[in-house]
Amino acid sequence: MKFGIEFVPNEPVAHLSSYAKIAENAGFDFVWVTDHSNNRDVYATLAAISLATQRIFVGAGVTNPYTRNPAVTASAIATIYEISGGRAVLGIGPGDKSTFETLGISGDKPLTAIRECVSVFSDLFLGKTVSFDGEMVSLKGARIDFAKKMMENLPALSTSPVAQVSQISSVLPNSPSSSTSSIPVYVGAQGPKMLEMAGEVAAGVLINASHPDDFKAALPLIENGSKKANRNLKDIDIAAYTCFSMDDDSEAAIKKAAPVVAFIVVGAPDLILVRHGINPEIKKELAAEISKSNFKALGGLVSDKMIDKFAIAGDAGFCEKRMKELEKSGVTQIVVGSPIGADKEKTISGIGEIIRDF
Ligand SMILES: C[C@H](OP(=O)(O)OC[C@@H](O)[C@@H](O)[C@@H](O)Cn1c2nc(=O)[nH]c(=O)c-2cc2ccc(O)cc21)C(=O)N[C@@H](CCC(=O)N[C@@H](CCC(=O)O)C(=O)O)C(=O)O
């Protein structure tokens with residue numbers, strides 16, 4: 001089992017760098033930084049975290065195919081690859097519709113957009129000249145000039161004491177992009193078609209879910225996709241991108257998780273709510289309170305059932321039990337997502353105790 005941790009850059013980057021160092025020392029394998037235009041820039045944050053750490057992988061978790069041209073995204077993550085000494089990974093997903101509205105971006109044809117982006121990344125990472133005339137992506141001889149030489153000379157360029165270029169293959173042994181000349185691409189997905197496509201094209205899938213039932217439903221879809229590309233499910237890192245809230249006082253952990261669960265419920269496809277026996281109608285009420293920034297009211301609208309289905313929230317014993325259930329359901333990476341805990345530094349070290357027992 002691998003362990004990741006998610007940081008939302010809505011607090012100073014210096015704080016996130018220090019949390020990342022604590023997570024690295026606690027035994028986490030990945031740091032994922034979210035990408036929303038209303039927060040601090042994902043790549044600047046990853047650069048700072050790269051310089052503050054030596055071993056942990058650093059990744060965009062997740063960017064999208066609309067706010068940056070794929071060649072711009074490739075240049076950004078290849079730069080993080082260089083700064084981190086070969087520890088960069090790239091997560092890409094359809095993006096957040098509500099944030100896109102503020103940018104005047106429609107976010108159309110997400111499956112096509114992501115498939116086309118992923119199809120050009122590997123050649124761009126190798127420094128090749130790429131032309132692509134797709135429905136959602138158009139490149140006419142794009143090239144990341146520094147990529148080829150950088151990949152070849154990484155040990156000399158690396159900022160971390162030991163360039164772990166081959167490190168990615170130690171955690172993703174079978175993924176097509178675990179070679180030293182590329183950067184593993186993960187897809188952030190929840191919907192059935194996105195999950196299937198991720199199985200076909202990605203080194204890993206980051207699934208915004210915390211309950212074993214969601215992975216029991218997701219794995220066959222991912223496997224279908226992997227078969228289309230003559231791959232095997234074990235070639236794919238199945239990451240549970242959880243809403244995680246741990247506290248000695250379980251009630252306090254649940255209270256802290258409620259607003260995050262409200263956002264997840266509002267963004268979740270109806271089929272996922274129905275799977276968990278939750279009436280999709282509740283989305284309207286929650287969305288209304290969110291639009292008024294009435295976050296206090298959210299707690300009252302978020303039921304225990306929603307907390308149970310969309311979060312891992314409780315004391316260390318409960319959290320460890322739920323993480324073991326996720327492992328049994330076929331998850332290969334558990335990402336500890338927001339809110340994490342009231343005292344992040346103490347909670348990250350506390351989760352390290354659980355990781356040690358896995
Ligand atoms: C688009 C959507 O896909 P989805 O997988 O449910 O996407 C929901 C979220 O995963 C998506 O909003 C992510 O970007 C959210 N997200 C983040 N979103 C962000 O904006 N920033 C983040 O940092 C972020 C992190 C993150 C981490 C993990 C994760 O799983 C998701 C995360 C969907 O509706 N999919 C359906 C339908 C797809 C569809 O639109 N099909 C059409 C169009 C086909 C075409 O595209 O060509 C058709 O079939 O005709 C499906 O998969 O079946």
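User: Are Asp237 and Lys2 buried or exposed?

Analyst: Both Asp237 and Lys2 are buried. Buried means under 20% relative accessible area, exposed over 50%, and partly exposed in between (1.4 Å probe, protein chains only). This is a predicted model: local features need pLDDT of at least 70, side-chain atom pairs count only at pLDDT 80 or more, and totals for chains, interfaces and linings use all residues. Residues are numbered from 1 along each chain as its sequence is written, and side-chain values use heavy atoms, without hydrogens and water.

User: What makes Asp237 and Lys2 a salt bridge?

Analyst: A salt bridge needs a side-chain nitrogen of Lys or Arg within 4 Å of a carboxyl oxygen of Asp or Glu. For Asp237 and Lys2 the value is 3.5 Å, N to O, so the pair qualifies. Asp237 lies in strand β9 (residues 237-246) and Lys2 in strand β1, 235 residues apart. Strands are DSSP runs of E, at least two residues; helices are runs of H or I, at least four, and both are numbered from the N terminus.

User: How many salt bridges are there by this rule?

Analyst: The count is 21. One of them joins Lys321 and Glu325 at 3.3 Å, N to O. Both residues lie in helix α15 (residues 316-328), four residues apart, about one turn of the helix. Shared partners join Asp308, Lys321, Arg322 and Glu325 into one network.

User: Why is Arg356 called exposed?

Analyst: Arg356 has a relative accessible area of 53%. That is over 50%, so Arg356 is exposed. Its salt-bridge partner is Glu353, with the closest N and O atoms 3.0 Å apart. Glu353 has 47%, so it is partly exposed.

User: Why is the pair of Phe3 and Phe358 called edge-to-face?

Analyst: Rings of Phe, Tyr and Trp (its six-membered ring) pair if their centres lie within 6.5 Å; planes under 30 degrees apart count as stacked, over 60 as edge-to-face and the rest as tilted. Phe3 and Phe358 sit 5.1 Å centre to centre, with 80 degrees between the planes.

User: What makes Phe30 and Trp32 stacked?

Analyst: Their ring centres are 5.6 Å apart and their planes are at 0 degrees, so the pair is stacked. Phe30 has 0% relative accessibility, so it is buried. Trp32 also has 0% and is buried. Ring pairs link Phe30, Trp32, Phe57 and Tyr186 into a cluster.
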